[in-house]
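Please open the model in your viewer and keep the selection tool at hand. This tour goes from one selection to the next and says what is there at each stop.

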Amino acid sequence: MLGPILETLIGGLLTGVLYALVALGFVLIFKASGVFNFAQGAMVLFAALSVARLSEKFPLPIAIVLAIGVMIVLAYAIEFLVLRRLVNQEGIVLFMSTLGVAYFLEGFGQTLWGSDIYKIDLGISKNPIFLFESVFPGGILIDPEEVAAAVICAILVTVLAVFFQVTRVGRALRAVADDHQAAQSVGIPLNYIWLVVWATSGIVAIAAGMIWGSKLGVQFSISLVALKALPVLILGGLTSIPGAIVGGLIIGAGEKLAEILLGPLLIRWFDLAGGGIENWFAYVLALLFLLVRPQGLFGERIIERI
Amino acid sequence: MFYREAGQFKTTYGSDEAIFPIVQDRWFVIAAIAFAVLVVPLFAGQYLYTEVLIPVLILSLAAIGLNILTGYCGQLSLGTGGFMAVGAYAAYNLALRVPEVNLILVFLFGGLMSMLVGILFGVPSLRIKGFYLAVATLASQFFLEWAFARIKWFTNYAPSGSVAVGPIELFGIPINSPERKYLFVFILVAVLALTAKNLVRSRVGRMWMAMRDMDIAAEIIGIRPLHAKLSAFAVSSFYVGVAGALWGFFRLGSWEPLAFDVNRSFQILFMVIIGGLSSILGSFLGAAFIVLVPIFLNQLPGWLGVGLSTATISHLEFMIFGAMIVFFLIVEPRGLARLWAIAKEKLRLWPFPY
């Protein structure tokens with residue numbers, strides 16, 4: 001029994017890293033501009049479509065560089081056409097505008113790049129790896145794509161952490177995240193900072209889009225991955241980059257374990273037509289965590305004044 | 001010139017606190033209701049009923065429900081679709097298992113069940129706030145969607161997982177034609193909208209608004225957060241539940257949980273935001289806008305004589321819809337209801353400049 005559970009746990013942790021990769025994009029934008037960016041899922045789809053279609057014409061590295069260019073142009077367009085015109089509006093209005101952007105991007109991406117299912121070939125073998133064959137009968141099965149995702153995620157987080165802590169732009173970003181007005185008053189250009197943040201989360205979306213695209217095929221359903229990232233986000237805390245990673249690991253492991261341990265019990269007790277509790281378990285798990293810590297695991301403490 | 005309150009003196013508290021204190025407003029509302037009940041059936045065809053009027057009315061009711069929670073009490077919710085599903089399935093099960101129950105009670109039962117579930121999922125709102133709460137309400141959406149897809153009792157062990165309602169009748173009159181459905185929905189929605197309008201003007205409504213504007217300050221002046229937030233969740237989910245039951249019975253006829261998925265929640269939220277937060281009228285305007293725009297976009301290529309593939313059209317629809325929402329938020333973040341109010345202000349002076 002221990003073998004399969006361990007296998008599920010590892011599989012879950014690795015899937016969790018994939019969720020974290022999407023959640024990372026949300027966190028970047030929320031941290032720096034207070035915008036709850038629902039379009040992140042659509043951005044992942046758009047990025048994946050760009051990479052997939054460009055890689056048909058160019059070799060993969062060039063396609064990725066071109067896609068980064070596309071995402072920067074997109075970030076500029078969003079900043080210029082939407083955000084700049086909604087400065088000082090309430091959070092809910094900004095949130096709704098990103099929903100509008102999400103709709104637009106889903107339509108635009110598929111009009112521009114086509115709506116078939118495309119492939120991204122990262123050159124990673126799809127054959128599962130078996131570990132610890134001597135310890136457990138049959139060993140533990142691990143998907144190499146998920147390992148690659150974990151490595152990419154680790155690299156991204158390190159680069160982002162260095163970028164935020166060391167560089168000049170990173171310091172400006174942290175200042176804006178702390179207080180818009182104070183940052184503006186010491187001469188940090190808000191519009192430029194937002195452009196940088198959206199472009200960065202666009203690049204994170206490319207990483208997420210490539211991994212998810214090579215896993216599921218590049219198609220419309222990739223944008224739904226955002227819904228998987230949301231519980232990760234609130235569990236870790238909306239403003240914390242490490243929170244997104246830890247949240248992803250907890251959610252990934254939790255939902256996979258629940259599927260094999262809790263699922264069969266629920267089916268037996270309530271006479272269900274099949275399990276599939278993955279869809280809501282992550283949310284309920286996040287909800288329970290939030291009841292104890294309303295700001296998420298690593299979120300900034302919410303201080304309320306009158 | 002015609003729309004002004006000069007000469008209308010309020011001599012009693014009653015007339016000061018009336019819903020429509022201005023005579024012209026009163027006549028306008030009466031005329032609108034009379035038009036909807038008496039004139040519309042004279043010319044409306046099946047398409048107008050089933051594709052435009054009935055959906056607009058039912059979704060307005062759901063939008064009123066969400067507006068009570070989000071607009072008046074300030075609790076952003078993304079679980080509207082789930083609560084609509086509760087209403088629809090509760091009503092279906094009551095009608096199926098106790099066929100002799102009156103139709104109105106069936107819908108009220110749908111609302112009440114949704115209300116109970118709403119209170120349950122509203123409890124976390126006492127501790128979780130803002131966007132954290134918004135994401136947490138998605139838990140109710142996904143859980144309820146799952147429950148209705150998997151628990152066989154709810155769908156009466158239907159192998160396909162979809163349910164269908166039988167013939168509907170009220171006091172022995174069968175409600176089978178689109179016209180009768182429309183009239184029934186209209187009357188129910190009108191009564192509930194009037195109730196909602198009065199509710200938000202009452203002590204309860206002011207309590208919600210205080211909670212929305214600043215919850216700590218509201219608590220200090222003696223408003224119980226438990227009471228205020230849970231009552232908002234209860235009333236809101238009641239409205240949404242009734243709307244869900246109506247949607248299932250009169251719009252769909254037979255449905256599966258997919259009809260109440262998360263996109264439905266977003267659709268209702270769009271209606272509330274486009275229509276105007278904390279406005280009952282706005283809920284109607286928003287619903288009409290969100291229902292009519294896709295119909296219009298669908299027809300547009302045909303009118304222009306442009307031949308486009310259906311895939312392109314649906315993508316363009318997404319794009320235009322998204323762009324319109326962004327455009328609307330930029331031009332008037334407070335929604336259509338605000339435009340209506342501005343128009344009324346202007347009309348008071350018209351045709352004079354001051």
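Two residues are in contact if their C-beta atoms, placed from the backbone, lie within 7 Å. Keep in mind throughout that this is a predicted model.

Begin by selecting the place where the two chains meet, where 36 residues of chain B are in contact with 43 residues of chain A. On the side of chain B that touches chain A, colour helix H6 (130-150), helix H9 (215-220), helix H11 (262-275) and helix H13 (310-331), each of which supplies at least two residues. Of what chain B brings to this side, H13(B) gives the most, with 14 residues. If you then colour that side of chain B by residue type, you will find 28 nonpolar residues, three polar ones and five charged ones.

Next, select Thr137(B), which is found in helix H6 of chain B. Is Thr137(B) buried or exposed? Thr137(B) counts as buried because it has 26 C-beta neighbours inside 10 Å, and the cut-off for this is 20 or more. Leaving out residues up to four places away in sequence, Thr137(B) touches Ser77(B), Leu78(B), Gly79(B) and Phe121(B).

Finally, turn to the largest nonpolar core, which has 202 residues, and in which Leu21(A) and Ala48(A) have the most contacts. Select Leu21(A) and, setting aside its neighbours within four places in sequence, look for its contacts with Ala149(A), Cys153(A), Val204(A), Ala207(A), Ala208(A) and Ile211(A).

Definitions and conventions:
Residues numbered from 1 in each chain as written. Chains lettered and ligands numbered in written order. Predicted model: local features only at pLDDT ≥ 70, side-chain atom pairs only at ≥ 80, totals over all residues. Core = buried A, V, L, I, M, F, W, Y, C linked by C-beta atoms within 7 Å. Buried ≥ 20, exposed ≤ 12 C-beta atoms within 10 Å, placed from the backbone. Helix = DSSP H or I, 4+ residues; strand = E, 2+ residues; numbered from the N terminus. Nonpolar A, V, L, I, M, F, W, Y, C, P; charged D, E, K, R; others polar.
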